[in-house]
Amino acid sequence: AAKKDEFCMLQPQLPKPRTPAVARLTTLRWPVPTRKIMKPSHWKEQLRMSLRYVILSAAGIVLLLLLVRNRRESPICDTTETLPTDRSMGDLWTVCTPRSFAQRPPLVYTVGVGRNVNWDAAMIERFNSIHHGWDPTPRSVSWFTGSPEKFPRNFFFHPYGLAPTDGNLQVELPSGNTDSFVQSTIADSMPANRGSRNKTTIPVLSLKSMMWMLGHSDRRLDILKIDIEGAELDLVQAWVAQRWQPPADQILLEEHARYFPGAKGENFLRDLREAFDRLGFAQFHKRDREYVFVRKERLRWAQMMAPAS
């Protein structure tokens with residue numbers, strides 16, 4: 001018996017037969033999925049959390065859009081600069097000087113430049129701005145074409161006037177005026193006019209056409225300076241009638257209410273302010289007959305000047 005047991009121990013142990021894969025799969029115990037039924041209070045809590053996430057996400061998007069808009073339409077009149085128009089007479093213009101002036105050259109249109117580029121030269125020297133001067137009157141055209149060396153750098157002259165629409169206007173030099181030509185319809189009503197001279201016809205363009213001609217249709221003017229001898233009210237009221245806001249951040253304007261007798265002269269400034277208000281501009285500064293209007297989006301509430309008498 002001992003030899004038999006020893007013989008059995010010496011025999012190799014054969015492996016047990018493996019169970020086929022299919023058989024193994026059938027013998028596995030897979031977990032049975034069960035649906036956990038949530039109580040009504042849990043559903044309400046989940047809905048409340050989802051709504052909270054949606055509201056917070058929407059608030060974040062709105063805040064981001066406001067920040068982007070505020071970045072693009074930031075106030076521009078936190079700082080100002082006072083620059084001379086006529087050094088001999090002490091005429092000064094106060095303009096808003098935003099931070100963007102230091103980042104890129106401001107684009108400026110000076111309409112009715114006459115024969116005086118002191119303000120433009122001061123702006124160019126201070127901010128390296130790009131200026132386009134407009135004036136079709138004979139004396140201005142003769143002065144600029146005859147003395148191009150008088151141009152400050154970055155200044156470009158164009159012999160056209162500004163009007164609500166493109167076309168031609170008849171102008172004349174009223175008595176008492178040495179340089180300033182006036183539309184004939186306005187000169188006839190001037191109280192101090194005792195006879196005009198040098199009547200002529202000048203070409204005029206709308207502001208939209210001016211900007212298109214210079215390739216600025218897709219840009220916004222940093223400053224639009226207007227001195228058009230009494231035609232400013234008709235121009236601004238025409239913009240209101242056309243429902244067109246001039247693409248400018250600030251408009252510098254010299255008023256000529258003294259050219260009109262009676263009710264029109266008395267109501268001239270009131271009508272002018274009302275027209276600018278309807279265009280989305282607020283009065284920011286005033287000195288004598290010189291006004292500065294700024295787009296309301298670029299002003300803080302405290303900077304909007306109450307109308308001065």
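Visitor: How many salt bridges does a search of the whole structure find?

Guide: A salt bridge here is a side-chain nitrogen of Lys or Arg within 4 Å of a carboxyl oxygen of Asp or Glu, and searching the whole structure gives eight of them. Please keep in mind that this is a predicted model, in which local features need pLDDT of at least 70 and side-chain atom pairs count only at pLDDT 80 or more, while totals for chains, interfaces and linings use all residues. Residues are numbered from 1 along each chain as its sequence is written, and side-chain values use heavy atoms, with hydrogens and water left out.

Visitor: Which parts of the chain does the pair of R104 and D222 link?

Guide: Helices (H or I, at least four residues) and strands (E, at least two) are DSSP runs, numbered from the N terminus. The side chains of R104 and D222 form a salt bridge with N and O 3.1 Å apart; R104 sits in the loop between α4 (100–103) and β3 (107–111), whereas D222 belongs to strand β10 (residues 221–226), so that distant parts of the chain, 118 residues apart, are linked. For burial, under 20% relative accessible area counts as buried, over 50% as exposed, and the range in between as partly exposed (1.4 Å probe, protein chains only). D222 is therefore buried, at 3%, while R104 counts as partly exposed, because its relative accessibility is 36%.

Visitor: Where do R295 and D249 lie?

Guide: R295 and D249 form a salt bridge whose closest N and O atoms are 3.0 Å apart. R295 is in strand β13 and D249 in strand β11, a link between distant parts of the chain that are 46 residues apart. Both R295 and D249 are buried. In another bridge, the side chains of R289 and E254 meet at 3.9 Å, N to O; R289 lies in the loop between β12 and β13 and E254 in strand β11, so this pair ties together parts that are 35 residues apart in sequence. R289 is partly exposed, with a relative accessible area of 37%, but E254 is buried, at 16%. Salt bridges with shared partners also join D249, R295 and E297 into one network.

Visitor: How many aromatic pairs does the whole structure hold?

Guide: Rings of Phe, Tyr and Trp (its six-membered ring) pair if their centres lie within 6.5 Å, and planes under 30 degrees apart count as stacked, over 60 as edge-to-face and the rest as tilted. The search finds 10 such pairs. Among them, W239 and W244 are edge-to-face, with 6.1 Å from centre to centre and 65° between the planes; W239 is buried, at 2% relative accessible area, and W244 is buried as well, at 18%. F276 and F293 form a stacked pair, at 4.0 Å centre to centre with 10° between the planes, and this pair links distant parts of the chain, since F276 is in helix α11 and F293 in strand β13, 17 residues apart. Both F276 and F293 are buried, and elsewhere W143, F144, F155 and F157 make up one aromatic cluster.

Visitor: Which residues of helix α11 are buried?

Guide: In helix α11 (residues 268–278), the buried residues are F268, D271, L272, R273, A275 and F276. Contact means heavy atoms within 4.5 Å, and the elements that cover these residues include α9 (232–242), β11 (248–254), α10 (262–266), β12 (281–287) and β13 (290–295). Leaving aside neighbours within four places in sequence, D271 is in contact with L233 and Q237. Just after α11, G280 takes a positive phi of about 95°.

Visitor: Which phi does N128 have, positive or negative?

Guide: N128 has a positive phi of about 55° although it is not a glycine, and N128 lies in the loop between α5 (118–127) and β4 (130–134). R243, also not a glycine, has a positive phi of about 55° too, and R243 is found in the loop between α9 and β11. With a relative accessibility of 82%, R243 counts as exposed, whereas N128, at 36%, counts as partly exposed.

Visitor: What share of the protein chain counts as buried?

Guide: Of its 309 residues, 41% count as buried, and the chain has 11 helices and 13 strands. Among contacts with a separation of 6 or more, 65% join residues 24 or more positions apart.
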